[in-house]
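Work through the exercises below with the structure in view. Each task is followed by its solution.

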Amino acid sequence: MITLFIDNKEVKTKAGNTILWAALDNNLYIPNLCAIRDSEKQNSSCRLCFVEIKGNSSPVPACSTQVHQNMQVLLNTPEVARIRATGFHLIMSNHRLNCNNCIKNKSCELQEISKKTGLKLTNRKLHHIAIDIPVDDSHPNIYFDRSKCVLCGKCIAACNQSGSGILDFAYRGIKTMITTFKSKPLVESGCMSCMACVSVCPVGALGRKKHR
Ligand code: SF4
Ligand code: SF4
Ligand code: FES
């Protein structure tokens, strides 16, 4: 076991754990969207989980930084708040926000992050670029709205692990999106309807149709 201090609270966790899970398991909140527990490969793409470690020159992503003995972690320094806000505004800059009509309304991680950090979903600091991709409504059970996708990559990992591995990132930069092999509609993609992707999607991008 390792002992560390997170915002001066003594925390014990197993060696090899990352700061993110050590904190969350001890009721210390760090916003996160792309972290996958116990996965060796972390995207670290959402940029929301940055923390400072005393003695380090710059903040680090909590989801991919392992704990060490007597480490002192700070969750809410001005630099951490600045990186987190920039990451959040970037995500919201191409997010189609219409919570009242969204399948994840009231169980959405973006809403949770907003509630816990005070970062407003509606406070767009950056120019808004609408993602104009039609909803993939082809599957009998799964609803796939890419305009809500935060590119966390969790569906790809879940599909690789439990499904048929038909999801992946495509394109680059602002055009990056989740697609199926050859960009086929979900129903023609070889999807085996295991619903693993739906169960891990933190926002209203992938959902069960009966929840609509
Ligand atoms: S994904 Fe979340 S923040 Fe976006 S519209 Fe749906 S409920 Fe609102
Ligand atoms: S569809 Fe959902 S799980 Fe997949 S990358 Fe987008 S937000 Fe993440
Ligand atoms: S959870 Fe760490 S960068 Fe996304």
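Helices (H or I, at least four residues) and strands (E, at least two) are DSSP runs, numbered from the N terminus. The model is predicted: local features need pLDDT of at least 70, side-chain atom pairs count only at pLDDT 80 or more, and totals for chains, interfaces and linings use all residues. Residues are numbered from 1 along each chain as its sequence is written.

**Exercise 1.** List the elements of the protein chain in order.

Solution. Begin with the count: the protein chain holds 5 helices and 9 strands. Then read from the N terminus, which gives β-β-α-β-β-β-α-α-β-α-β-β-α-β.

**Exercise 2.** Explain why the radius of gyration of the protein chain agrees with a compact globule.

Solution. The radius is taken over C-alpha atoms, and the globule rule is 2.2 Å times the number of residues to the power 0.38. For 212 residues the rule gives a value near 17 Å; the protein chain has 18 Å, so the two agree. Along the principal axes, the C-alpha atoms fill a box of roughly 50 × 35 × 30 Å.

**Exercise 3.** State what share of the residues counts as buried.

Solution. Buried means under 20% relative accessible area (1.4 Å probe, protein chains only).

**Exercise 4.** Describe how strands β7 and β8 are joined.

Solution. Two strands pair if DSSP finds at least two bridges between them. Strand β7 (residues 167–170) and strand β8 (residues 177–180) run antiparallel, with 4 bridges. F169 faces I178 of β8 across the pair. The hairpin has 6 residues between its strands, and Y171 takes a positive phi near 65 degrees.

Note on methods:
Chains lettered and ligands numbered in written order. Heavy atoms only, no water. Buried < 20%, exposed > 50% of the residue type's maximum accessible area, 1.4 Å probe, protein only.
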